[in-house]
Amino acid sequence: MTKVLVATEKPFAKVAVDGIREIVEKAGFELALLEKYTDVAEFYKAVEDADALIVRSDKVTKEVIDHAKKLKIVVRAGAGFDNLDLEACTSKGIVAMNTPGQNSNAVAELALGFMIYMARTNFTPVAGTELLGKRLGIHAYGHVGRLVAMKAKALGMEIMALDPFVPAEKIEADGVKVAKDVEDLYSSCDYVSLHIPANDQTKNSINYALLSKMPKGACLVNTARKEVINEADMAKLLAEREDFKYITDIAAGNDAELKAFAPRYFSTTKKMGAQTKEANINAGLAAARQIVDFIVNGVTKFQVNK
Ligand code: 3PG
């Protein structure tokens, strides 16, 4: 029987798991669950006889792929697929997919919440500031970036965006100004919300030179990936500029060092951008459907290792 393994160190909400089970079993497949695992050896063992795999931010390394004897497809239930070793998948003929857009609203809402949290001095009684009239830079105008822009517009923020992969007219049609370049974006905005993926081009790219261009009282909001930040540069900037703030959904590699700058630095204990029932249902069920569609009908829409 075709076996679908859901391996989630950070589990989906139960309602999402129930939905995944329903889709999988309706197709005549079997569901196996590996949740909250603490040792990667548990993942190696569980994947051995799986035909299909659903993960979240779980690292699907070459070692995981080497342990998988029957695997045909892996779906990252979410947007970023930097946790999948695509080369290892391709070399064994395994199709890798993501589920773009399915958890975007949850991440966008968190980005907005982060801005309010920082503007209102970490919900302490110290007088804060308002978002109304402040300038927000959206760094990458994909599913999440666009939703953040739309929601922030409703709060009366002035929005600017940068995305070389999205036509300027499309951004402008949303009433969003297009930044000339990355320097323009950072130097023009009180808040910058990061939505770039982590890849060879973007890793460490948010550095001192760029961040130091941000105006007085600026705040960087990171619901993307910690790897895109040059963390040593961030520590230097936070030390030099008492007005600068950084809030991140993914604790920095040098979290302990940056925590010394609290309340200007804040990190969640576990990545929670996509951790809503709705996002779990949307992304989890989409992943299950994509697996069934691939195994039954050969559909490869959303494949990322073509
Ligand atoms: C994504 O890329 O979809 C988000 O970062 C969500 O990650 P998560 O599934 O680990 O919460």
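Author: Start with the terms. Axes are lines fitted to C-alpha atoms, for helices over the stretch in contact, and angles run from 0 to 180 degrees between N-to-C directions. Helices are DSSP runs of H or I with at least four residues, numbered from the N terminus, and strands are E runs of at least two. Two packed helices are described by the angle between their axes and the distance between the axes.

The model is predicted: local features need pLDDT of at least 70, side-chain atom pairs count only at pLDDT 80 or more, and totals for chains, interfaces and linings use all residues. Residues are numbered from 1 along each chain as its sequence is written, and side-chain values use heavy atoms, leaving out hydrogens and water.

Now the pair. Helix α5 spans residues 104-119 and helix α6 spans residues 143-154. Their axes come within 8 Å and cross at roughly 50°. That makes α5 oblique to α6 (under 35 degrees is roughly parallel, over 145 roughly antiparallel, 65 to 115 roughly perpendicular, the rest oblique). The crossing of α5 past α6 is right-handed: the near helix is turned clockwise from the far one by less than a right angle.

Which residues of α5 and α6 make the contact? Contact means heavy atoms within 4.5 Å. From α5 come S104, N105, V107, A108, E109, A111, L112 and M115. From α6 come H143, V144, L147, V148, K151 and A152. The residues of this contact divide into nine nonpolar, three polar and two charged. Ala, Val, Leu, Ile, Met, Phe, Trp, Tyr, Cys and Pro count as nonpolar, Asp, Glu, Lys and Arg as charged, and the others, Gly among them, as polar.

Last, a loop residue. T202 lies between β9 (191-194) and α9 (208-211). T202 is buried, with a relative accessible area of 13% (buried is under 20%, exposed over 50%, partly exposed in between, with a 1.4 Å probe and protein chains only). Leaving aside neighbours within four places in sequence, T202 is in contact with I196, P197 and V228.
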